[in-house]
Each structure stands twice: as structure tokens, then as C-alpha cells.
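This report describes parts of a predicted model.

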Amino acid sequence: MPTFAAAEQKIALVMVGLPARGKSYIARKLARYLRWRGQETRVFNVGMYRREIVGSQVSHDFFDPDNPDGRRERMRLADVALRDMLKWLTQSGQIAIYDATNSTRERRHWIRDTCKTQNVSVVFIETVCDDPQVIDRNLRDTKLHSPDYAGIAPEEALVDFKQRIAHYEKAYETVADDEGMCVKLIDEGKKVAVHHIDGAIMSRVVYFLMNLRTKRRPIWLTRHGESEFNVEDRIGGDSDLSARGHDFARALAGFMQTRRDIDPITVWTSRLRRTIQTASYLPERTRAFRSLDEIDAGECDGMTYSEVRKQFPDQFAQRSRDKLNYRYPRGESYNDVIQRLDPIIIEIERHEHPILIVSHHGVLRALYAYLMDTPPQDCPHLPMPLHTVLELMPNAYGCSERRFPLSS
Ligand code: F6P
């Protein structure tokens, strides 16, 4: 499987920052991206350990650095999570994300020293934000729905959480240059400071983080309308839409009309005729990307599946055994598609408007796998029917999904 880190390189990405600065949001997005790129990645959230071990509803005093019992208990929980993380990293894991405030120098020192004993490199990812509007939005979007405040009136929960933040502020120390590798995301990534970062994997991580925006907007995915090749069950090619395909293209324009609001919609297609024709009934200007072209079936391009089975029985069997890694002769594998879609993922993350992507069976499976955090092995088998629009709406920590079959 093509990955961008040496198999033995183990990394702990350690989140740093006051509460409600978007650490968990970033940790989960990053984990999803790295998993999609083929890295064994897992988030270790110390808050979840606390909820499991001491229960969810603890008062803000628990977080007061001047409360010795609370301090001892928080250190114990951090230690349990760190040991679990190192155990996982020394077994199957490649990249762990240690999600907690890690807001003092002393705490980070301990994390770094403990990781060093297991040959794990530590990179701090600090989120710095003093904009009260952003903090308030984060509080309302995430903390009020946390199990910590289940059954508690929102205004009461807000007061308690703000006191929790105040406790952390008393002890908070920003990451200093002598603490090692660090990425600082200031004011939701408007400014990014990078210290001592090197290597392919960390360069990708920094690039991803620099492009990460928090604006929520829908993403619609649809395959092109039925093509002449679809009618004959042929793979690949660059055929035109069938009459049914054009009906779908018109139905898509009608559907998008019901979705239009004040935000302009961006429409992307592949460079192949069937997606461009599908988008041609929409009023928006479209942009065609080669990276959205269908998986390249190489020497099998233009054949039916039964022709492939007859003419290339070994290839057919190999593909059935491992569809993710199988590469068509002179063509691509799903893993190749995933790698070439990386710039599209970055574009999706940095784009602030709703996006409609008109593309193909294999490519949409790979995009969907990213957006819905589906394990890579499942990606080549995801159902992606023709004439169906998928509406994906990012929420605090993932995406919700609705499917609209637009049958003609
Ligand atoms: O059959 C339509 C199609 O888009 C082909 O062009 C492409 O090769 C195929 O779907 C991808 O699906 P699978 O990977 O399941 O063969």
C-alpha cells in the first residue's frame, strides 16, 4: 500500500491548547485524513478516559490547578491514556493523536520523555485563539452537547465551562521553541507557525492543517448520468450520456434549484464528457479536474466485466481478492486514485462554499470514504448508485448523510 511514512516511524501528535479551541475537531479531521492516506492512526482523547474512569459530570473545581486531588486525578488519567497510546503505537499503530489540553510545560515534558523511551517522536500541535466569538461558537457547537453536561440547562453549562477555561488559563504556558517540533495554529489557522518540522509525513500534516477551515457547508456527490458505456456495461472510456443520462442531468438541475440559498454553489466535474454533460443544465460555471476522472482501467478500458474475466482471468481473480491494491495493467488501483485525490481533499477543506462534485463510481467511493471516515479496505465496495445525489453535511465531528435517488 503506498503510504508516505516509513513503516517503522512512530509519531505522537500531541494537541495543546485551552478548552474550546477546536483541538478535538482538528484531531479527528487529521486522523480521518491520515487513515484515508493509509496510515494506521488513532485518537486518544483524555476527556473520554476521564468520563469512563471518574464519570462525566465533574464540577469545574476538578480542573482547578490549585486543587491537589483534582490535579493528582487528572495526572493519573493522562497517564492511563498515554500508556494505552504507547502500547498501541508499539504494536500496530503508526500515528497517534494525544488529545488533551497539555497546557503546561511540565506536562509536555513528561509526555515527550515518556514517548522517547519507546522511540516515538513527539510533535505538538497547539491551537491558539482569543477571539471570544470563535470560543463561544465552539462552546455552543460542541461542549453543550457533551456528556459532561447531559441534562444540565445550557446557560448553567456555559457558566461552568467558562469557569473550567479560567482554571486552565491560570496555568497555561504556550509551547516554547526549546520544546521540540511544533505547529501552532493561530486564530483558526489564519496564521501558522512551524518549528523544527521535517519529513514527508509532517509536511503533509502541516499542509493539511494550513488549509483546514471550520465553515460548515453541504457537499453533494453524484455520479454522471447514465452513459452509453453504462448501457453496454463497459468500463472506462469517454462516451456521451444516454437519453436517460440526460434526463438525470435535467433532474439534477431541478434538485439543485431546491438547494440554492445565499451561498454560491461551486460545481466540479471530471474532464470526461459524461460528467461535463451532466453538469451542463446547471446555471453555475463548472470547473473540470483531471484528478476527478474515473479510475484508469488501463488495458481493460472499454471492455465489459465478462470480457475482462474471459481475456484476463488471473487479473480478474486478483482484483476480486484485493480490490484496494489491485492495479489494472497500465492503469490504476483504488490506492492510486486515493493518492491522486489528495489535492481535491485539500481544496474541499479550504473551500468555504457548498460544493457539488459530479464524478465517477470509483472516484466518488474514494471521496466518500474520506468524508465519512470509512476504512480504506471498504472503499472499493461502497454502494454508489447512478442517478442518486448524496448530500453530506459536516457536523461537529463528522458528516451526516442523506441520499436522494432522482429516478427518471
Ligand atoms: O462501470 C462504471 C465505472 O465507472 C467504470 O468506468 C469503472 O471502471 C467502474 O465503474 C468502477 O467500479 P469497480 O471498481 O467496482 O469496477
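## Strand pairing

Strand β5 (residues 182-186) pairs with β6 in the antiparallel sense, over five bridges. Within this part of the model, K184 stands opposite A193 of β6.

Both strands belong to an open sheet of six strands, in the order β2-β3-β1-β4-β5-β6, and the pairing in that sheet is mixed. The edges are formed by β2 (41-45) and β6 (191-195); each has a single partner strand, so one side of each is left without a neighbour in the sheet. On average, neighbouring strands of this sheet are turned by 15° against each other, direction ignored.

## Helices on the sheet

Helix α2 (residues 46-53) lies across β2 and β3 (95-99), and runs at about 55° to β2.

Helix α4 (residues 105-116) also packs on the sheet, where it touches β1 (11-16), β3 and β4 (121-128). The direction of α4 makes about 155° with that of β4.

## Helix α9

Helix α9 spans residues 243-257, 15 residues in total. From first C-alpha to last, α9 reaches 22 Å, close to the 21 Å expected at 1.5 Å a residue.

Its buried residues are G245, F248, A249, L252, A253, F255 and M256. They lie on the same side of α9, because they cover an arc of only 165° around the axis. The face turned away from this buried side carries the exposed residues A243 and Q257. The cover over the buried residues of α9 includes the helix α10 (273-279) and the strands β7 (219-223), β10 (355-359), β11 (388-394) and β12 (399-405).

Methods
Residues numbered from 1 in each chain as written. Predicted model: local features only at pLDDT ≥ 70, side-chain atom pairs only at ≥ 80, totals over all residues. Heavy atoms only, no water. Helix = DSSP H or I, 4+ residues; strand = E, 2+ residues; numbered from the N terminus. Expected span 1.5 Å × (residues − 1). Buried < 20%, exposed > 50% of the residue type's maximum accessible area, 1.4 Å probe, protein only. Arc of directions from axis to C-beta. Contact = heavy atoms within 4.5 Å. Pairing = 2+ DSSP bridges. Axes fitted to C-alpha atoms, helices over the stretch in contact; angles between N-to-C directions.
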